Amino acid sequence: MTIILGGALSLASVGLKPAQTKQIELDTKKKILGAVMDISNLETGEEVLALYDKRFKSVVVDINGNPVEKDAKGNPLVAEKIDIQKNHKVDKEVKNYPVFMFLDENDSSKVIAYVFPMFGSGLWDWISGYMALDGDLNTIKGVAFDHKSETPGLGARITTPEIQGRYVGKEIFENGDLVSVTMVKGESGKPQDAHHVDGMSGATLTGKGVNAMLENYLSSYTAFIKKQKSASGQSAMAF
């Protein structure tokens with residue numbers, strides 16, 4: 001009986017895998033789209049996927065900002081299929097870095113925003129995010145943060161439009177040097193400068209986790225960003 005049950009469970013797992021894979025793809029593309037635009041008007045998964053396919057192209061790069069087409073085993077690399085959580089454990093010098101490029105609605109050769117995935121540690125468990133930079137590769141167009149188990153009403157607020165909206169318009173470079181964007185300690189309700197956002201009351205450690213995540217990944221993407229800037233608006237089709 002145990003053997004039969006085990007076999008049945010195994011077959012069920014295999015049968016569910018395509019649906020699970022499709023759901024992961026949908027969730028990933030929702031988050032990427034959510035970093036650059038409001039998708040609340042999209043009612044079905046098919047609409048999300050169709051919009052993503054129309055407006056995004058992607059590339060995988062290394063720490064030096066160079067495109068990487070195959071993994072160590074010679075398999076083709078697809079940016080959307082890279083597991084950011086598993087990839088986070090790889091040494092940053094040899095890690096593969098996905099880049100998602102948001103294309104102009106009327107001119108698919110023009111990139112109007114770049115989206116960079118990130119992963120880190122919060123107070124209790126992992127946090128993650130997608131940061132979109134405008135075409136200038138300096139100004140934040142939007143962010144989409146997520147977490148596994150931050151405290152409700154405190155650190156969990158990183159997923160709210162209120163907190164995420166504070167990053168819009170901030171800048172990650174100053175005089176050509178990466179300074180990232182830092183969430184300050186405490187919540188004053190007062191405007192911050194171009195490189196800081198107001199904090200979250202009672203969630204200092206979550207804020208520190210977000211700060212570390214942004215600095216870690218933005219530094220890893222800096223070579224790519226600077227190469228794109230020096231290319232003077234080179235189109236996504238170059239990849």
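## Glu25 and Lys29

Glu25 and Lys29 form a salt bridge in which the closest N and O atoms are 2.8 Å apart; the term stands for a side-chain nitrogen of Lys or Arg within 4 Å of a carboxyl oxygen of Asp or Glu. The two residues are separated by about one helical turn, because they are 4 residues apart in helix α1 (residues 2-34). Helices (H or I, at least four residues) and strands (E, at least two) are DSSP runs, numbered from the N terminus.

Glu25 is partly exposed at a relative accessible area of 28%, whereas Lys29 counts as buried at 8%. Buried means under 20% relative accessible area, exposed over 50%, and partly exposed in between (1.4 Å probe, protein chains only). A network of salt bridges links Lys22, Glu25, Lys29 and Asp53.

## Basis of the values

The model is predicted: local features need pLDDT of at least 70, side-chain atom pairs count only at pLDDT 80 or more, and totals for chains, interfaces and linings use all residues. Residues are numbered from 1 along each chain as its sequence is written, and side-chain values use heavy atoms, with hydrogens and water left out.

By the salt-bridge rule, the count comes to 9. One of the pairs is Lys31 with Asp146, at 3.1 Å from N to O.

Asp125 counts as partly exposed at 30% relative accessibility, while Lys148 is exposed at 53%.

## Surroundings of Lys141

Lys141 is located in strand β5 and counts as partly exposed, at 30% relative accessibility. With neighbours within four places in sequence left aside, Lys141 is in contact with Ala35, Val36, Ala113, Ala132, Leu133, Asp134 and Val168; contact means heavy atoms within 4.5 Å. Between the C-alpha atoms of Lys141 and Val115 the separation is 9.3 Å, and these residues are 26 residues apart along the chain.
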